[in-house]
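Subject: Structure handover

Hi,

Here is the structure I promised to pass on to you. Please open it alongside this message, and then read on for what I found in it.

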Amino acid sequence: MRSRFIMASFQLIDIGANLTDSMYKGLYNGKKYHEEDLNDVLSRAKENGVNRSIITVGHLEDVNPALDLCKSTTNLFCTVGCHPTRCNEFKENPDDYYKQLLDIALNNQDKVVAIGECGLDYDREHFCSRETQKLFFEKQFDLAIETNLPMFFHMRNASQDFIDILKKYRDRIVGGVAHCFTGSVEEARALTDMGLYVGITGCSLKTLDNIEAVKTIPAEFLLVETDAPWCEIKNTHAGFKFIKTKFPTKKKERWEKGYCVKSRNEPCHLIQIIEILAAVRGEDPRELADNVFRNTEKLFFSKV
């Protein structure tokens, strides 16, 4: 069964999808519920205009599965870096960890399109201290400078430290995106004033305050992403009422080929982000999609 409304004439790129997650193998919290269905997920994405996706890598262990998947098809790419909550791994042997990331990026230039996911996350300091996060966030700017790649940023409850660090390096990197933005109008302005793109997910459209923030982002700095399998748009979200494209779903316990899994996000849902953004910003959906596509090409694919 297909979606009720397919907008395949739109060209969309999902800049952040965790496609190596075990949910796409039918595993949820270690328990098997259904067969692997990643091929179906990728087919649905293509049918709904998503012609490329960037797989998010958060630490070294993620790299090989991501690259293997990228090399299996022409329309998948990935980032390479260390998520702020995983920076204790970087701390164990900084020089070796850095060299491994650098070698991977340089040796896979046809598939690695950004350094990251890197940044600061002060909501989850139980995984990694602020000082360790800041130290290895800065170290990854060196990676971006050596590889001449843009950066894929993570920022949670750490805007001032994030911006202070970014200011030190902004003139030395080619650019970047603040992934899965959930901040304020003021934070959005601070990011775009420094020439950063802003990545919009379902979580970016959760509250009325979120909606007000995304309305203010200049069109030339907008990017879209699902952060799949996370960040689905729930019916309690402020943006939900603007969705036009609906997908048939079944619970994971009753999985059936051709259906999306209930509460599991996937790249085909990128259409819903476009629909909400167009509605709240008062823009034509096709013009918005075309603009976002050009922004994405400019940041990530001008050299590919």
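Let me start with the inside of the protein. The largest nonpolar core has 82 residues, and Phe141, Phe153, Phe162 and Ile200 are the ones with the most contacts inside it. Helix α9, spanning residues 270-281, gives the most to this core, contributing 8 residues. There is also a second, separate core of 14 residues, with Phe77, Val113, Tyr197 and Leu299 among them. Do keep in mind that this is a predicted model.

Leaving aside residues up to four places away in sequence, its contacts include the aromatic residues Phe137, Phe141 and Phe162. Among the others that Phe153 touches are Leu166, Ile173, Val177, His179 and Leu196.

Strands β6 (residues 112-121) and β7 (residues 151-156) run parallel and are joined by 6 bridges. They belong to an open sheet of 8 strands with parallel pairing, in the order β1-β4-β5-β6-β7-β8-β9-β10. At its edges are β1 (12-17) and β10 (222-224), each of which pairs on one side only. From one strand to the next, the twist averages 30°. Helix α2 (residues 60-71) packs on this sheet, where it touches β4 (50-55), β5 (76-80) and β6. The direction of α2 makes about 155° with that of β5.

Now for the overall picture. The protein comes to 10 helices and 12 strands in its secondary structure. How does its radius of gyration fit with a compact globule? A compact globule of 304 residues would have a value near 19 Å, and the protein has 18 Å, which agrees. The C-alpha trace spans about 50 × 40 × 40 Å along its principal axes.

A few totals may be handy for your own work. Of the 304 residues, 57% are buried. If you take contacts between residues at least 6 apart in sequence, 76% of them join residues at least 24 apart. The exposed surface comes to about 13,500 Å², with carbon and sulfur atoms supplying 46% of it.

Notes
Residues are numbered from 1 along each chain as its sequence is written. This is a predicted model: local features need pLDDT of at least 70, side-chain atom pairs count only at pLDDT 80 or more; totals for chains, interfaces and linings use all residues. Side-chain values use heavy atoms; hydrogens and water are left out. Two strands pair if DSSP finds at least two bridges between them. Helices (H or I, at least four residues) and strands (E, at least two) are DSSP runs, numbered from the N terminus. Axes are lines fitted to C-alpha atoms, for helices over the stretch in contact, and angles run from 0 to 180 degrees between N-to-C directions. Contact means heavy atoms within 4.5 Å. A nonpolar core is a set of buried Ala, Val, Leu, Ile, Met, Phe, Trp, Tyr and Cys residues joined through side-chain atoms within 4.5 Å. Buried means under 20% relative accessible area, exposed over 50%, partly exposed in between (1.4 Å probe, protein chains only). The radius of gyration is taken over C-alpha atoms; the globule rule is 2.2 Å times the number of residues to the power 0.38. Accessible areas come from the Shrake-Rupley method with a 1.4 Å probe; for residues, only the protein chains shown count as cover.
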